Amino acid sequence: MKGINRARTGMAGVVATFTILALAACGGGSDTSGDGGDGEDGSGDVIRVGFSQLGAESGWRTANTESVKESLSEENGFDLTFVDAQQKQENQIKALRDFVAQDVDVIAFSPVIETGWDEVLQEIKDSGIPVVLVDRTVDTTVDDPFVTWIGADFKQEGTTAGEWVAENAPDAKIFELQGTLGSGAQVDREEGFGEVVGDQVIGKASGNFTRAEGKTAVEAALQAYPDMTMIFTHNDDMGLGAIEAIEAAGKVPGKDIQIVSVDGVRDGLQALVDKKFNYVVECNPVFGDQLAELIKKVYDGEDVPKETIVIDEAFDQTITQETVDARAY
Amino acid sequence: MTPTTPAPVPTGSRGAAVWREVSHHGLFWPLLALVLLILACGAASPGFLDVTVRDGHLFGQLVDLLRNSATPLLLALGMCLVIATGGIDLSVGAVMAIALAVSLTYLDNAADPRSVATVLTAIVLGLAVGALGGAFNGAMVAGLGIQPFIATMILMVAGRGIAMLITQGQITTVTSPPFKTIGSGFVLGVPTPVVIALAAFVVVAVVVRRTALGMFLESIGINREASRLAGVRSRRTTWTVYVIAGVLAALAGLVYGAPTMAADANNIGLMKELDAIMVVVLGGTKLDGGRFYLGGLLVGAMLLSTLERAVIIFQLPSQTTPLFKAIVLIAVCVAASPTLRAMLRGRRRADRESTPAAPVEKTTAAEVTA
């Protein structure tokens, strides 16, 4: 699906820049504690929620979808209409109009892109239905287009990783393995990390969030920066690729070259257990419970903060095998 | 191996004549760029040119370069044949993803993913799926006469969806040492992908150049109708070429994905079709079909992977890497442009009247008598 707009960009694409959205930025998370957090108002009111998910482009998104569905369940007092937009804005706009026609109580959606929502958001506003934005944000001329936003703070993830480095490896010479250039996750994680330990970073290169390209980049970096002692990678997958490259070069990942990562997918945490990663900051997709709570407050007309940051955990090598096995992704 | 190598320059000619002869060869500029890049990397980072033996196999940056060139070479091999017929195959990247998804999903569900027999089955399944994809493309192009660009774009767009269906939207990861060997193992000290890619290259080169197939392809590319009237089974041949491209793309997918053993339907082979086309063009084959040069693919693939590496070795900021690649590739293409050469020659001829006639760039005579 992502390929459509790229097919036409022409033969010179090899050398052209393509910024992929932050689609595959976050890799995953667990889905073990989905239904916590909802209060018991005692009222028999069922809150009718229309949720438009943007698609299923990564394991992270799938985990997010499941968490939302699980938390906005009938037992928890919700009547959820869930529509998957399959990464097309027109599908999403259509779904939003349907929600208005059905006169749901609250509309929640993860916009597939930032722009082009003016008309439909105005329609929703005129109908008086409150909107909760999930994970991504919109750029619109409509005043006050949404009540609140809930999502991950990529910058905070970078900062958390940086703080661990400052505390545990203040002398490390760091090579930064960037995600797809221009994606939100890359820009913000780099910024957050750079603010804390930016002067320790001796080099950067992009691995496009994939294992194979992370491996190639690190192969080259080991040659270009022989004094590097640590890699900060913008996601687990590239870090896993880095392990391959480091081992092939006859060094020990986690020891000769430390690895600090963001994501918390199962394979990444497994590498932590195996002492190949040193620190992993989670990018948590399982925030259905936080979303449910938020929607309840919005429905009851309570004041809600403009932004809700999803709680991210962080793990070091003390992580247990059980925690890893409990991960769904 | 291929008729791309020019006849040796007659001895006794002056240096200028030699220079002209050599620099007129289609591969001269890409090759020059490749050598310069590698030397520059060596200068920028001492040790870059070292190749050592570690644990009984070759190790070093140059070895990495060879290994990384395997995937673009495999893709470009198939692409080159397709382009020779005047077609194009945009689906190779998606076919890589599908083949890897099929192989790894099979391994994932197999009782013993570590057994060699299971791995072989997985590989055969992956290649078969590639052949199937190629057969679909071929049927669309040769059977239904749909424009190759559009026909193969169907699979390019839908292919990732198919791969996603196979992996159920997840990134399937497996642990299977024998499968991993395809991507990160060694045969007699040489990386397995290099061996696989070179073997494929030799097989294709022999089949194409020792049989009439190569000539059929060129004749179809030059004039489909004329070659059909001359007795070439142009439909069947075209179809076969797409199947070959599909199988090679599948092989490339397996080789590319094997080291990490992760079937990432969204990202495996993303934009690789454009890499493949670039390699074909760098190798001196024109996109309008006809004459094709397999030997040039080796240079093109190496140049592409060396460029990827050079941006890190030169410690360029990541934001400027696409620009750097663009500048090098544009420079190579411009330098190798026959039109530019003709213009320069024209000016020189105006200066002095002794330049011999320009060598014919593209033989147009289809000597087909099948």
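**Helix packing and confidence**

Reader: In this predicted model, how are α7(A) and α13(B) oriented to each other?

Author: The axes of helix α7 (residues 211–224) of chain A and helix α13 (residues 295–313) of chain B come within 8 Å and cross at roughly 45°. An angle under 35 degrees would count as roughly parallel and one of 65 to 115 as roughly perpendicular, so α7(A) and α13(B) are oblique to each other.

Reader: Which residues of α13(B) take part in the contact with α7(A)?

Author: From α7(A) the contact draws on A:Thr216, A:Ala217, A:Ala220, A:Ala221, A:Gln223 and A:Ala224. By class, the residues of the contact of α7(A) with α13(B) are six nonpolar, two polar and two charged. Those that α13(B) contributes are B:Glu308, B:Arg309, B:Ile312 and B:Ile313.

Reader: Is α8(B) roughly parallel or roughly antiparallel to α11(B)?

Author: Helix α8 (residues 192–210) and helix α11 (residues 234–257), both of chain B, have axes 11 Å apart and pack at an angle of about 170°. Because angles over 145 degrees count as roughly antiparallel, α8(B) is to α11(B) roughly antiparallel.

Reader: Over which residues of chain B is the pLDDT below 50, and over which does it stay under 50?

Author: Chain B averages a pLDDT of 86, and 90% of the residues score at least 70. Where pLDDT is low, the predicted coordinates should not be read in detail. In chain B the pLDDT is below 50 over residues 1–5, and it stays under 50 over residues 355–370.

Key: Residues numbered from 1 in each chain as written. Chains lettered and ligands numbered in written order. Predicted model: local features only at pLDDT ≥ 70, side-chain atom pairs only at ≥ 80, totals over all residues. pLDDT = per-residue confidence, 0-100. Contact = placed C-beta atoms within 7 Å. Axes fitted to C-alpha atoms, helices over the stretch in contact; angles between N-to-C directions. Helix = DSSP H or I, 4+ residues; strand = E, 2+ residues; numbered from the N terminus. Nonpolar A, V, L, I, M, F, W, Y, C, P; charged D, E, K, R; others polar.
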